[in-house]
Amino acid sequence: EIPLCFTESLTLIQIILLQNNNFKGELPQIWKLPNLQVLYLSNNVDLSGELPSSLFHQQGNINDNDTKVVHDNLVLGYVIIEGTNIAGTIPSSICKATMLKSLLLSD
């Protein structure tokens with residue numbers, strides 16, 4: 001299972017390669033990774049849930065006063081999530097990921 005803290009706390013991470021790991025459970029729906037450029041989750045057949053809209057529309061703190069700002073993920077270039085049980089609709093927030101070069105969601 002991918003813990004929620006993984007997708008909320010690693011705000012500087014740019015590349016996540018977690019393919020072929022036999023992860024189980026639902027994909028976290030909260031993603032606060034504004035620098036994420038590459039996400040590979042392929043071949044985790046027991047990984048389920050929906051493609052989170054927050055993956056493409058990030059929210060984070062911008063100062064010490066915990067002021068929240070929502071911004072589009074302008075660096076996300078590759079989302080490869082094939083061979084999983086992730087289902088549902090593609091969130092409309094994907095249209096905000098203007099740097100997206102590859103999107104692979106096949107089963």
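Is I90 buried, exposed or partly exposed? The tour returns to this residue at its last stop.

The model is predicted: local features need pLDDT of at least 70, side-chain atom pairs count only at pLDDT 80 or more, and totals for chains, interfaces and linings use all residues. Residues are numbered from 1 along each chain as its sequence is written, and side-chain values use heavy atoms, without hydrogens and water.

Strands are DSSP runs (E, at least two residues), numbered from the N terminus, and two strands pair if DSSP finds at least two bridges between them.

Next, display the open sheet of 3 strands, which is parallel and ordered 2-4-8. Its edges are strand 2 (24–26) and strand 8 (85–86); each has a single partner strand, so one side of each lacks a neighbour in the sheet. Select residues 46–49 to see strand 4, which runs parallel to strand 2 and is linked to that strand by 3 bridges. Here K24 is the bridge partner of D46 in strand 4.

**Last stop.** Select I90, in the loop between strand 8 and strand 9. I90 is partly exposed, with a relative accessible area of 49%; the term covers values between buried (under 20%) and exposed (over 50%), with a 1.4 Å probe and protein chains only.

Note on methods. Helices (H or I, at least four residues) and strands (E, at least two) are DSSP runs, numbered from the N terminus.
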